[in-house]
Amino acid sequence: MSIKVYNSLTRKKEDFEPAIPGKVTMYVCGPTVYAMSHIGHARSAVSFDSIQRYLRYKGFEVKYARNYTDVDDKIINKANEEGVPPQELAERYIREFDFDMNALHVQLPDIRPKATESIKKIIEVTESLIKKGAAYAIDGDVYYSVRSKKDYGKLSGKNIDDLESGARVDVDERKNDPLDFALWKSSKPGEPFWESPWGGGRPGWHIECTAMVMEWLGETIDIHGGGKDLIFPHHENEIAQSEAATGKTPYVKYWLHNGFVNIEKEKMSKSLGNILNIRDALVDHTAEAIRLFLLSSHYRSPIDYTRDSLRDAEAGVERFYKTVQRVAAECPTALEAISCHSCVQERLDEAFSPMEDDFNTAEVVGNLFKEMSRMNRALDDAKAGKGPKGHKEELSYSLAIINEASKFLGIFDRTPEEYFSDKNSRTSVPAEEIEKLIAERIAARASKDFARADAIRKELLDKGIVLEDSPKGTTWSVKTQ
RNA sequence: GGCGGCGUGCCCAAGUGGUAAGGGAGCAGUCUGCAAAACUGCCAUUCAGCGGUUCGAAUCCGCUCGCCGCCUCCA
């Protein structure tokens with residue numbers, strides 16, 4: 001069975017066949033590093049992380065690059081405001097981004113190129129575009145001529161005349177056409193610059209990706225990803241300049257674009273002031289719940305980040321780890337057998353088959369919850385001494401399936417202890433206080449003072465702490481908000 | 001104005017021709033001193049509406065209504 005991917009370029013699902021069988025070159029647009037990254041960056045990163053993980057899981061040899069745009073007007077402006085060198089600011093936000101990605105269990109791409117490290121290549125490509133008549137230099141700036149490419153607009157489905165009638169583009173009298181975009185911008189005094197045949201300057205936005213792709217992956221690649229908003233103009237321009245420079249078509253075989261994250265039904269935007277930073281989201285929710293939330297919808301659909309959906313996701317993660325704890329307590333030998341999964345290959349294939357259809361992580365997640373129900377049922381049956389025999393096998397098969405899925409979903413890959421220690425750190429109530437009250441309640445229960453016991457339960461619940469009694473004692477956890 | 005997408009139960013969300021996954025919430029039951037968790041049962045004869053194609057459609061086509069994104073920096 002071959003993988004099918006939705007290609008933004010053709011607007012169809014296509015069989016995934018990389019240029020070189022068994023090998024995949026993949027490039028995803030990373031952040032412009034001038035501020036803390038937000039939940040939208042998280043979605044893109046997590047979506048493509050699960051995709052590259054899955055391709056590897058299926059045995060492809062993947063070469064995956066995600067860039068950092070570390071030279072840009074926004075970076076320069078922010079650096080000036082703070083009075084620090086632009087490069088220092090960029091480096092700082094690269095570290096912050098990496099921190100967030102690590103928290104979200106996003107694997108490091110094989111290559112993480114920075115725009116400023118590909119200046120030589122950028123100049124080289126720009127020069128070749130001028131030579132080929134696809135670009136022109138004016139007063140130290142270099143522009144790409146959109147009219148020089150007959151199929152300009154093929155990715156976004158736009159045509160040049162429609163775009164111009166929109167009149168929402170800068171009118172620069174020096175440009176041959178209002179839609180022409182900058183490949184190279186001359187620097188103003190005080191701005192960072194690199195020497196070039198056109199004088200001191202810096203690269204335009206779109207050219208950096210072309211240069212980095214060519215420098216690290218090749219003149220044509222299999223997959224290029226990014227947010228839907230990048231389709232126009234960024235990726236459209238990238239195609240134009242890349243294909244013009246190399247004469248090779250297509251520059252990218254499969255274009256993949258992830259949908260947007262809304263916040264409580266509203267688009268995230270600076271004007272609404274509802275930009276949600278990953279760092280802030282991590283205060284309220286575990287990284288795993290955020291990741292599960294992101295993977296619970298198809299990567300191309302718009303999703304709505306709400307308190308309710310995150311609470312649902314947290315409950316889902318908790319359900320998994322509670323189930324694992326149950327297995328550990330009631331049938332520990334099942335945990336030892338989970339590496340034997342060749343015997344459940346058919347069930348694995350069935351559970352993971354949605355990934356073959358344009359990486360449908362949402363359906364796989366649904367299948368994993370079915371396995372959790374099976375496990376709990378098996379445990380109940382075993383306890384009651386009923387149901388078919390082979391509970392241990394049943395448990396280890398289900399665990400194996402979830403275990404395998406965790407390799408490409410990047411969730412359900414911790415121990416229950418790690419998860420609960422993460423979750424239970426989210427309370428302002430000191431652990432000693434909780435422990436003290438629990439001890440008091442145990443004493444009250446022992447002397448049948450249930451009124452006192454219930455009062456303590458209530459008191460802690462009001463503070464967001466849930467108590468659970470079991471034959472082994474009383475445990476506590478932070479209530480899911 | 002141009003281009004694209006979406007509308008599935010209380011909420012979230014799969015399902016693109018074969019008769020509605022899954023999660024959360026809710027209700028009832030088992031269990032529990034009480035809870036929690038878990039399990040069991042209930043919870044869409046129906047997939048925005050109306051037509052059409054088909055033996056058969058949430059899935060294909062047309063129209064209508066509603067929502068959204070891009071066209072400007074943006075994941």
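User: What share of the contacts in chain A with a separation of 6 or more comes from residues 24 or more positions apart?

Analyst: This is a predicted model: local features need pLDDT of at least 70, side-chain atom pairs count only at pLDDT 80 or more, and totals for chains, interfaces and linings use all residues. Residues are numbered from 1 along each chain as its sequence is written, chains are lettered from A and ligands numbered from 1 in the order in which they are written, and side-chain values use heavy atoms, with hydrogens and water left out. Contact means heavy atoms within 4.5 Å. Among contacts in chain A with a separation of 6 or more, the share from residues 24 or more positions apart is 76%.

User: How many helices and strands are there in chain A?

Analyst: Both are DSSP runs, numbered from the N terminus: helices are H or I with at least four residues, strands are E with at least two. By that count, chain A holds 17 helices and 15 strands.

User: What percentage of the residues of chain A count as buried?

Analyst: Buried means under 20% relative accessible area, exposed over 50%, and partly exposed in between (1.4 Å probe, protein chains only). The C-alpha trace of chain A spans about 90 × 50 × 35 Å along its principal axes. Of the 481 residues in chain A, the buried part is 51%.

User: How far apart are the mean positions of the positive and negative charges of chain A?

Analyst: Lys and Arg count as positive, Asp and Glu as negative; His and the chain ends are not counted. Each charge is placed at NZ of Lys, CZ of Arg, CG of Asp or CD of Glu. Chain A has 68 positive and 79 negative charges, and their mean positions lie apart by 3 Å.

User: Which residue of E6 stands opposite Ala135?

Analyst: E5 pairs with strand E6 (residues 141–144) in the antiparallel sense, over 4 bridges. In this pairing, the residue of E6 opposite Ala135 is Tyr144.

User: Which helix packs on the sheet and touches E11 and E13?

Analyst: The open sheet of 3 strands has the order E12-E11-E13 and mixed pairing. Its edge strands are strand E12 (266–267) and strand E13 (303–305), each pairing on one side only. Axes are lines fitted to C-alpha atoms, for helices over the stretch in contact, and angles run from 0 to 180 degrees between N-to-C directions. At about 150° to the direction of E11, the helix that packs here is H1 (residues 39–57).

User: Is Glu264 buried or partly exposed, and what is its relative accessible area?

Analyst: Glu264 is found in the loop between E11 and E12. Its phi is positive, about 45°, although Glu264 is not a glycine. Glu264 is partly exposed, because its relative accessible area is 45%.

User: Where is Phe412 placed?

Analyst: Phe412 has a positive phi near 55° and is a residue other than glycine. Its place is the loop between helix H14 (391–409) and helix H15 (416–423).

User: Why does Phe412 count as buried?

Analyst: Leaving aside neighbours within four places in sequence, Phe412 is in contact with residues including Glu288, Leu292, Phe320, Tyr321 and Met372. Glu318 is 94 residues away in sequence, yet 9.7 Å away in space, C-alpha to C-alpha. Phe412 counts as buried because its relative accessibility is 3%.

User: Which residue does a cis peptide bond join to Thr249?

Analyst: One cis peptide bond joins Phe232 and Pro233, with omega about 0°; Pro233 is found in helix H7 (residues 231–246). In the loop between H7 and strand E10 (252–258) is Pro250. With omega about -5°, the residue joined to Thr249 is Pro250.

User: Through how many residues does a hairpin join E14 to E15?

Analyst: Strand E14 (residues 465–470) and strand E15 (residues 473–478) run antiparallel, joined by 6 bridges. Val466 stands opposite Ser477 in E15. The hairpin between E14 and E15 passes through 2 residues.

Conventions
Pairing = 2+ DSSP bridges.
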